[in-house]
Amino acid sequence: MSEQQSGRFERGTDGPKVIMAGIDGSASSLRATAYAAGLARRQNALLALVYVQPVIPAGVALGAPVTGATEEIAEDLVEEIRASAERVKDLWQVRWEFHTFRGDAYAGLVQAAEELTADAVVVGASESAGHRFVGSVAVRLVKSGRWPVTVVP
């Protein structure tokens, strides 16, 4: 017997509570964020904007000190994303939070979705040609089968 048939249906408690959008400053991630904001607004859900700051292994730098430079670039990007989100929040009229995680994009988004108890994940389609061969973050999230995933072109 369903909840509606038993008379225990609770108005306003169905639907997602947290919609997570992965954002990295790319055009597709910004479109994904706008799409997720619309979903969150219509569902009266929290929009969790997640930026995964990449960690570059020391060996990749070939001895050059890049840690400080990548930190500075990442911090600038985080501030730009925060400023953009702040400018449009009144247009969206949606509750939102901004979170930063460090590491590989896929692992960071998985960690974020788990910690934020996301009900849905929205990401932009990869803009890298190489991902056709090794698989994009979006494809890996879909294949994990842990959350409903929307990929925005």
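**Close-up views of a helix pair and its chain**

**View 1. Helix α4 packs against helix α6.** In this predicted model, α4 (residues 105-115) and α6 (residues 137-144) pack with their axes 9 Å apart and at an angle of about 45 degrees. As for handedness, α4 and α6 cross in a right-handed sense. Why give two numbers for such a pair? Packed helices are described by the angle between their axes together with the distance between those axes.

**View 2. Side by side: the residues where α4 meets α6.** Zooming in on the contact, α4 contributes Ala105, Tyr106, Leu109 and Val110. Facing them from α6 are Val137, Arg140, Leu141 and Ser144. How do the residues of this contact divide by type? Six are nonpolar, one is polar and one is charged.

**View 3. Where the pair sits in the chain.** Stepping back, the chain holds six helices and five strands. Read from the N terminus, its elements follow the order α-β-α-β-α-β-α-β-α-α-β.

View 4. Of the 153 residues in the chain, 35% are buried. Among contacts with a separation of 6 or more, 77% join residues 24 or more positions apart. The accessible surface of the chain is about 9,400 Å², and carbon and sulfur atoms account for 53% of that surface.

Definitions and conventions
Residues numbered from 1 in each chain as written. Predicted model: local features only at pLDDT ≥ 70, side-chain atom pairs only at ≥ 80, totals over all residues. Heavy atoms only, no water. Axes fitted to C-alpha atoms, helices over the stretch in contact; angles between N-to-C directions. Helix = DSSP H or I, 4+ residues; strand = E, 2+ residues; numbered from the N terminus. Left-handed = near helix turned anticlockwise from the far one by under 90°. Contact = heavy atoms within 4.5 Å. Nonpolar A, V, L, I, M, F, W, Y, C, P; charged D, E, K, R; others polar. Buried < 20%, exposed > 50% of the residue type's maximum accessible area, 1.4 Å probe, protein only. Areas by Shrake-Rupley, 256 points an atom, 1.4 Å probe, with all protein chains shown as cover.
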